[in-house]
Amino acid sequence: MTEKTANRRGFLKTSIASAAAASALIASGCQNRQLPDGGSEIALRWKEYFKKNYRLMTDQEKRETVDRLEKLAKLDQKINISIATNSPKQNVLFGYAFNITRCEGYMDCVEACVQENNLDRASKTQYVRVFEMENGELDISSGNGKYYHEVPKEDHFYMAIQCFHCENAPCVKACPTKATWKEEDGIVVVDYDWCIGCRYCMAACPYWGRRFNWGEPSIPRDKINPNQHYLGNRIRKKGQMEKCTFCVQRTRDGKLPACAEACPTGARIFGNLLDSNSEIRFVLANKKVFRLKEELGTDPKFWYFMD
Amino acid sequence: MALFAVTSCNGGHDQKGVIEVIQNTVTPFKTDIISEAVINKSLVAVHDSAVNRELFVRDRVTEINRFNCDACHATPLSPQTSQNKLTHADINLAHGSGKGPDKCDICHAPDNRSKLKTVGGKLIGFNEVYQLCGDCHFQQKNDWIGGAHGKVVGSWEGARVRYNCADCHNPHQPGFPKRWPATYSLPDQDILSISTEKLIKSSNRSNQGY
């Protein structure tokens, strides 16, 4: 009796395991190419498929997954990338301010973000959206987000939205697999490989901050930004959620996010809320700032003001 | 049941709002970094009564072709209203539509072509142009020193470097001209009406660059 049970169990185990392996390989469309250092592609994809949520990884596991991802990028896209796993800096909480009087609707921020963060060109995914509003309008949904003419237009003003990295983020609460969370420096991040693509976070976000990959993203090889971060601008796949990450690959290195760097009129102000000498704290102390949909209690870290 | 409802309503009970977190910060944040973007440029400290910490602008005079104008130009500035024939003919003074400076010698020191002249008559270098602009635009100057106006160069931490007034605003024609946006956004209808054929095609395409 026990012998029969052991045989059946053993059989089921191996058949399920091989079916899982086979389906994983079919899903990733790999052909088991050989790597320059002698390893095999199947081994890489197998380990990638079964890796943990980023928050549960040890430093060694993080190094290993970065190594695998860099090797796979060399195989797939034939480019050399480097994926960072910088932790948040101490004593930092990022905040952002947007000067409505200064924005002229140039959309330099939108384009800079697309190039910095390896966004899908085929569906024209954009983390930052600029709205053209008539003078006197307060509700952003009355604005036109799809304008394309000489700017600024008479009697109109411009406002941009993106993920606001809420302190009390509804998307973090909605995620059933804990694939999205708020880091210590205030950035709300997504572990793309842990996301199951249910889009509950997209439904929960009141600010249209989230983007979903309905198709396989495609970026021209010469436009891929090779300086990537595991939680930031590494290349996503079909069925994964993504959003603005305050350019985690740049800001954890001390640089400004691409949108703030690109704005030619200085409408975007980024900094550390815990630094009492920072520009963002000056704005909060001296300007009449407001946040969108304050009544929802999401506590966003993105303020608007007018001069 | 009711107890459960109460505690779940209080969801983020131990989580503070962002304003509370800011007000309760005890440890000051200090770094002495100067960002890579400006490491090879020389920096000039900003001097003003409103400055309460280290603040820099980039040294611009070293980048002006043939600077030290008074090395060759010894004669005083003639009181022209705009272009001089043959020299600086490309400068069209349109600053403030009648209420701003309408003559060259209002801002440029008449006897020293390498210097500017503040309203009080003090001679300043081109790197200190914020002192001249701030004489009339004091609101913008205070905002600029604090960070609400203008742009930061390089890093959000460490020693702050700002773009100077003339780095963004052409002092002779400060108004920003109209232009076309850098890109456009798709109407939502396009995304919804992507045919199933396109979706299937895009999903069959493996993640290879092209």
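In the predicted model described here, strand 2 (residues 94-99) of chain A runs antiparallel to strand 10 of chain A, and five bridges join the two; strands are DSSP runs of E with at least two residues, helices are runs of H or I with at least four residues, and both are numbered from the N terminus. Two strands are taken to pair if DSSP finds at least two bridges between them. Within this pairing, A:Ala97 lies opposite A:Ile269 of strand 10 of chain A. Helix 9 (residues 279-286) of chain A packs on the sheet and touches strand 2, strand 10, strand 11 and strand 12 (302-305) of chain A, its direction making about 110° with that of strand 10 of chain A. A contact, here and below, means heavy atoms within 4.5 Å; axes are lines fitted to C-alpha atoms, for helices over the stretch in contact, and angles run from 0 to 180 degrees between N-to-C directions.

The sheet as a whole is open and consists of four strands of chain A in the order 10-2-12-11, with mixed pairing. Strand 10 (268-272) and strand 11 (289-290) of chain A each have a single partner strand and stand at the edges, so one side of each lacks a neighbour in the sheet. Buried denotes under 20% relative accessible area, exposed over 50%, and partly exposed the range in between (1.4 Å probe, protein chains only).

Residues are numbered from 1 along each chain as its sequence is written, and chains are lettered from A and ligands numbered from 1 in the order in which they are written. Local features need pLDDT of at least 70, side-chain atom pairs count only at pLDDT 80 or more, and totals for chains, interfaces and linings use all residues, while side-chain values use heavy atoms, with hydrogens and water left out.

Chain A comprises nine helices and 12 strands, and its C-alpha trace spans about 80 × 40 × 35 Å along the principal axes. Of its 307 residues, 54% count as buried. Among contacts in chain A with a separation of 6 or more, 64% involve residues 24 or more positions apart.

Helix 3 (residues 59-76) of chain A has 18 residues and should span 26 Å at 1.5 Å a residue, which agrees with the 26 Å between its end C-alpha atoms; the expected span is 1.5 Å times one less than the number of residues. Buried positions of this helix include A:Val66, A:Leu69, A:Leu72, A:Ala73 and A:Asp76. Helix 2 (41-49) and strand 1 (82-84) of chain A are included in what covers the buried residues of helix 3 of chain A. Just after helix 3 of chain A, A:Lys78 adopts a positive phi of about 60°.

Two individual sites in chain A were also examined. A:Gln240 is situated in the loop between strand 8 (227-229) and strand 9 (241-243) of chain A and is buried, with a relative accessible area of 7%. Its side chain reaches the backbone oxygen of A:Tyr192 at 3.1 Å and makes a polar contact with the side chain of A:Asp193 (3.4 Å). A polar contact is a pair of N or O atoms within 3.5 Å; within protein, one must be able to donate a hydrogen and the other to accept it, and residues adjacent in sequence count only if both atoms are side-chain atoms. Residues up to four places away in sequence aside, A:Gln240 touches A:Tyr192, A:Asp193, A:Cys195, A:Arg211, A:Phe212 and A:Asn213. A:Ala112, in helix 4 (residues 108-116) of chain A, is buried with a relative accessible area of 19%. Apart from neighbours within four places in sequence, A:Ala112 is in contact with A:Ala258 and A:Ala262.

Chain B contains eight helices and five strands, and 28% of its 210 residues count as buried. Its accessible surface comes to about 13,800 Å², with 55% belonging to carbon and sulfur atoms. Three strands of chain B form an open sheet of order 1-2-5 with mixed pairing. Strand 2 (residues 55-58) and strand 5 of chain B pair in the parallel sense over three bridges, and B:Leu55 has B:Arg160 as its bridge partner in strand 5 of chain B.

Technical notes
Areas by Shrake-Rupley, 256 points an atom, 1.4 Å probe, with all protein chains shown as cover.
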